[in-house]
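User: I am new to this structure. Please take me through it in short steps.

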Amino acid sequence: MRFAGNVIWFVLGGFVTGLIWLVGAAVFALTIIGLPLTRAALEMVKMSAFPFGKEVVHVRELDNRGLDATTAFTGTVGFIFNVLWALTFGLALFFSYLVAGVLCCLTIIGIPFGLQAFKLAGLSLWPVGRRVVPIEVARAAREANAQERLAHYRGQAV
């Protein structure tokens with residue numbers, strides 16, 4: 001089912017939105033300071049072209065690092081780059097995904113595609129600090145983080 005959904009998605013618009021992400025990545029790659037946006041845009045190309053079977057997670061869910069000087073600095077820089085992205089390519093992608101989602105949801109068969117488009121609409125505004133991973137990896141990372149938090153609440157060592 002994932003393969004069929006990805007093929008249909010790619011043919012009916014995933015190719016175009018993936019190209020928009022690639023153009024954004026190329027524009028920001030031309031500047032040295034835009035490299036974090038380039039990385040984020042290239043991550044989102046994978047999701048935009050073939051969204052079924054993948055999920056986007058924050059990088060802190062994967063590395064499970066707490067707040068320290070490095071993560072605070074990278075979080076601040078990521079926030080600034082996310083604002084920059086949202087004001088340039090993010091709004092165009094957001095509205096294209098929003099329109100595509102509404103159009104897809106007009107038919108019962110298109111609802112799964114519409115849901116993917118809405119998910120991508122939200123991600124298109126704030127991509128820095130996100131990674132595209134298989135659904136199973138995202139579930140495993142969230143489960144491990146939840147187990148660690150639960151042990152912390154219970155006062156147990158992990």
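User: Leaving aside its neighbours within four places in sequence, which residues is Thr38 in contact with?
Analyst: This is a predicted model. Thr38 lies in helix 2. Setting aside neighbours up to four places off in sequence, its contacts are Ala25, Phe28 and Ala29.

User: Does Thr38 count as buried or exposed?
Analyst: The cut-off for buried is under 20% relative accessible area. Thr38 has 10% relative accessibility, so the residue counts as buried.

User: At what angle do the axes of helix 1 and helix 2 cross, and what does that make the pair, roughly parallel or roughly antiparallel?
Analyst: Helix 1 covers residues 2-29 and helix 2 covers residues 35-49. Their axes come within 7 Å and cross at roughly 175 degrees. Angles over 145 degrees count as roughly antiparallel. Helix 1 is therefore, relative to helix 2, roughly antiparallel.

User: How many of the residues in the contact of helix 1 with helix 2 are charged?
Analyst: On the helix 1 side, the residues include Trp9, Phe10, Trp21 and Phe28. On the helix 2 side, they include Leu37, Thr38, Leu42 and Val45. The contact divides into 14 nonpolar and six polar residues, and the number charged is none.

User: Which element gives the largest share of the largest nonpolar core?
Analyst: That core has 23 residues, and Trp9, Trp21, Trp85 and Tyr97 have the most contacts inside it. Helix 1, helix 2, helix 4 (69-104) and helix 5 (111-125) each give two or more residues. The largest share is six residues, and the element is helix 2.

User: Which residues does Tyr97 touch, not counting residues up to four places away in sequence?
Analyst: Tyr97 is among the residues with the most contacts inside the core. With close sequence neighbours left out, Tyr97 touches Trp9, Thr17, Trp21, Ser48, Ala117, Leu120, Ala121 and Ser124.

User: How far apart are the end C-alpha atoms of helix 6, and what span should its residues give?
Analyst: Helix 6 has 20 residues, 135-154. At 1.5 Å a residue, they should span 28 Å. The distance between the end C-alpha atoms agrees, at 28 Å.

User: What do the buried residues of helix 6 pack against?
Analyst: The buried residues in helix 6 are Ile135, Ala138, Ala141, Asn145 and Ala151. They pack against helix 1, strand 1 (54-58), helix 3 (59-63) and strand 2 (130-134).

User: What pattern does the chain follow along the sequence?
Analyst: The chain holds six helices and two strands. Read along the sequence, the pattern is α-α-β-α-α-α-β-α.

Definitions and conventions: Residues numbered from 1 in each chain as written. Predicted model: local features only at pLDDT ≥ 70, side-chain atom pairs only at ≥ 80, totals over all residues. Heavy atoms only, no water. Axes fitted to C-alpha atoms, helices over the stretch in contact; angles between N-to-C directions. Helix = DSSP H or I, 4+ residues; strand = E, 2+ residues; numbered from the N terminus. Parallel < 35°, antiparallel > 145°, perpendicular 65-115°, else oblique. Contact = heavy atoms within 4.5 Å. Nonpolar A, V, L, I, M, F, W, Y, C, P; charged D, E, K, R; others polar. Buried < 20%, exposed > 50% of the residue type's maximum accessible area, 1.4 Å probe, protein only. Expected span 1.5 Å × (residues − 1). Core = buried A, V, L, I, M, F, W, Y, C linked by side-chain atoms within 4.5 Å.
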